[in-house]
Amino acid sequence: MNRIKVSENFFLDEFIDPHSYLTRSDNGLGLIDKKVIAIAQKVRELKGSSITINNWWNHLDKYTGDAVKFLKYCNDSRFIRCWSGYRSPLCTIGATNSAHRKGWAADMAGDEKEYYNIVKGNAACFYFMGLRRLEDRSITKGWMHFDIWEKNTQPNSIRVVDLKKCTETIRW
Ligand SMILES: [Zn+2]
């Protein structure tokens, strides 16, 4: 199986869970909004080094043709990420109305403060690419969640939210 390149540095499997990827005729391409991929690529360029979103592809040697079994294998390992982009109905983590469920979000592993500074320092650019919300870095230790959901947002701003409220409105 060859990987499907979706941007300069990312492959489709990094945004799609293994079960959707391995069972759908489009490998899940229609499940992730292309703005999420473009934003991830922009963060990657500004960061200047590689970024991990899903990494289940590295464990594909364990896939025997049974996508349900392989998903369970991935789920059971705390080192394998498979829900950092699109989350299907088979996903049992996170909120049921999360932006991930709509294919509108991604979680990038790494230094949450570095990611925050990249977005804040280029906020207008990211806004016009479609980025609307970040999760407050106090609840995302070791990763950054971003999404494109226009939910309680204001024009020309990026909303920073924790589980209950808005903690910051980034403007430029
Ligand atoms: Zn997230």
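Predicted model: local features only at pLDDT ≥ 70, side-chain atom pairs only at ≥ 80, totals over all residues.
**Entry 1. Aromatic rings**

I looked up how Phe10 and Phe15 sit against each other. Their ring centres are 5.6 Å apart and their planes meet at 65°, so I note the pair as edge-to-face. The cut-off for that label is over 60 degrees.

Next I checked Tyr127 and Phe128. Here the ring centres are 5.2 Å apart and the planes stand at 85°, so this pair is edge-to-face as well. Are the two partners buried or exposed? Tyr127 has 10% relative accessibility, so I put it down as buried. Phe128 has a relative accessible area of 61%, so I put it down as exposed.

I then asked how many aromatic pairs there are. The count is 10. I also found one aromatic cluster, formed by Tyr21, Trp56, Trp57, Tyr63, Phe70 and Tyr73.

**Entry 2. Zinc site**

Which protein atoms are the donors of the zinc ion? I find NE2 of His100, ND1 of His145 and two OD entries from Asp107. They lie 2.0 to 2.7 Å from the zinc ion. The angles among the 4 donor atoms run from 52 to 152°, and the site is irregular. Tetrahedral would need all angles between 85 and 135 degrees, so that label is ruled out.

I wrote down the sequence spacing of the donor residues as H-x6-D-x37-H. His100 and His145 are 45 residues apart, and the pair links distant parts of the chain. His100 is in the loop between helix H3 (67-76) and strand S1 (105-109). His145 is in strand S3 (residues 143-147).

I checked burial for both histidines. His100 has 2% relative accessibility, so it counts as buried. His145 has 4%, so it is buried too.

**Entry 3. Largest pocket**

I looked up the space in the largest pocket and got about 880 Å³. It is lined by 33 residues, and the closest to its centre are Arg87, Gly94, His100, Glu135 and His145. Two of these names, His100 and His145, I had already written down as zinc donors.

Which elements give two or more residues to the lining? They are H3, strand S2 (133-135), S3 and strand S4 (158-161). S3 gives the most, with 3 residues.

Last, I sorted the lining by class. I have 13 nonpolar, 9 polar and 11 charged residues.

Definitions and conventions
Residues numbered from 1 in each chain as written. Heavy atoms only, no water. Donors = N, O, S within 2.8 Å, 3.2 Å for Na, K, Ca; no water. Tetrahedral: all angles 85-135°; square planar, octahedral: opposite > 155°, others 65-115°. Helix = DSSP H or I, 4+ residues; strand = E, 2+ residues; numbered from the N terminus. Buried < 20%, exposed > 50% of the residue type's maximum accessible area, 1.4 Å probe, protein only. 1 Å grid on protein atoms, 1.4 Å probe; cavity = no way out; pocket = protein on both sides within 12 Å on 5 of 7 lines; lining within 4 Å. Points joined across faces, edges and corners; volume = space filled by probe spheres on them. Nonpolar A, V, L, I, M, F, W, Y, C, P; charged D, E, K, R; others polar. Phe/Tyr/Trp six-rings, centres within 6.5 Å; stacked < 30°, edge-to-face > 60°.
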